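Hi,

Here is the structure I promised to pass on to you.

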Amino acid sequence: MWTRTRGIALALVLLLAAAVAIAVVRSDARHGELDPRSADPNGSRAVAELLADRGVDTRVVTTLDAATAAAGPDTTLLVAVPDLLTAPQQSRLRSATADSAGRTVLVSAGSRSVEQLAPGVTADPATSFDSTLAPRCDLPAARRAGTADTGGIRYTTTVLGADECYPSERLSTLLRVPAPSGDGDTVLLGSPDILLNDRLAEHGNASLALQLLGSRPHLVWYLPSLADASAASEEGERGFFDLLPDGWLWGTLQLFVAAALAALWRARRLGPLVPERLPVAIRASETVEGRARLYRKANARDRAATALRSATRTRLAPLAGVPVTQAHAPEALLPTLSAHLQGDGHDLHALLFGPPPGDDAALIQLADRLDALEREVRRP
């Protein structure tokens, strides 16, 4: 069994090792992304340090409750991945920031979140081809920074007084939307590149990032987490079937129908069996030896003993004057054999109808006794 399965076992082990290695590599690659505490290339510690030198303190939060509580006129709230928020979470966040008179910065907000967090703004499904763009707007921060790596998600808006900067194909990749009342505003960044450690020193990325995030003395950096309890509590308890995609019921039904049709196809009989002559003649001794090897390989002493006893009874019945149809009935065969041999009927019953032998030696002994019995019956 090990010889037959070791190849499959080795393939499974290699597949598991490859999966673990890929998971480790990918987890390391995304470690600390857009985290102001991380010094990785995709982290944002550099911009946090530069803001600290200018008197802006940065605080990292990972829950919606902490983010909404921190909203205020002297605070810039940066939401790193808005699309991770559920619809109820986005509604709560919008309610907390709309009248706070502070600044809200949404990084790479897609269509899933931009309509909720920035009413009147639409995210285009096609991203910009270029990553480095010119400001081409009147926003002072953008004009002072010059070209920057803002290329990513593109936005359009119907809000009056909005600043549409760094356009790509007539759609802006940086959009500042003023609040309906007060001094607050919402800034949408189409790409996080100007905040990353390895891109901060290029073009006007550092200048633009410091101006957008340093307009208030406090910066709250919100990193949405899937482990946030507010996501589960506001969406309610979801069962197993709620997690399955739409159409799973029809897909499962189709699989059952396909399985039933396959079973009918495979079980269909195309007609009676047709006997076919073998292309070569096989000696009876070879057939016997081959069958014996199969019995031995399967350790089937019971089947071998049954075959030996059945063949012996079939040959002995005509010799004792018993019809062949009753050769396997003890009440018909044994009395006639006992009278013919003048022997003990109990020994004949154990020999011809007894239990299977327990080992190979007992099987060989049984074969010898059956052969001796048949010779004795044939003796004139």
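This is a predicted model: local features need pLDDT of at least 70, side-chain atom pairs count only at pLDDT 80 or more; totals for chains, interfaces and linings use all residues.

E6 and E7 run antiparallel and are joined by five bridges. Together E6 and E7 make a hairpin with two residues between them, and in the turn Glu-169 has a positive phi of about 55°. Strand E7 itself, residues 171-178, is mostly covered, with seven of its eight residues buried.

On to the next partner. E7 also pairs with strand E8 (residues 185-189), again in the antiparallel sense and over five bridges. Here Arg-176 stands opposite Val-187 in E8. The hairpin of E7 and E8 has six residues between the strands, and Gly-182 takes a positive phi near 85° there.

If you like to check backbone angles, two further residues deserve a look. Tyr-166 is not a glycine, yet it has a positive phi of about 50°. Where does Tyr-166 sit? Its place is in strand E6, which covers residues 163-168. Tyr-166 counts as buried because its relative accessibility is 0%, and the cut-off for buried is under 20%.

The other one is Leu-34, also not a glycine, with a positive phi of about 55°. Leu-34 lies in the loop between helix H1 (2-29) and helix H2 (45-53). Is Leu-34 buried or exposed? With a relative accessible area of 6%, Leu-34 is buried.

Now for the overall layout. The protein is divided into domain 1, residues 27-227, and domain 2, residues 285-378. How many Å separate the centres of domain 1 and domain 2? The answer is 92 Å, taken over C-alpha atoms.

Finally, a word on the database record. An unreviewed UniProt entry carries the annotation "domain: DUF4350", which covers residues 36-213. Over residues 36-213 the chain is 28% helix and 22% strand. The end C-alpha atoms of that stretch are 12 Å apart.

When you open the model, I would go to Tyr-166 in E6, then cross to E7, and carry on to E8.

Best wishes

Note on methods. Residues are numbered from 1 along each chain as its sequence is written. Side-chain values use heavy atoms; hydrogens and water are left out. Helices (H or I, at least four residues) and strands (E, at least two) are DSSP runs, numbered from the N terminus. Buried means under 20% relative accessible area, exposed over 50%, partly exposed in between (1.4 Å probe, protein chains only). Two strands pair if DSSP finds at least two bridges between them. Domain bounds come from an automatic or database domain assignment. UniProt positions are given in the numbering used here, feature names are shortened, and annotations may be inferred rather than shown by experiment.
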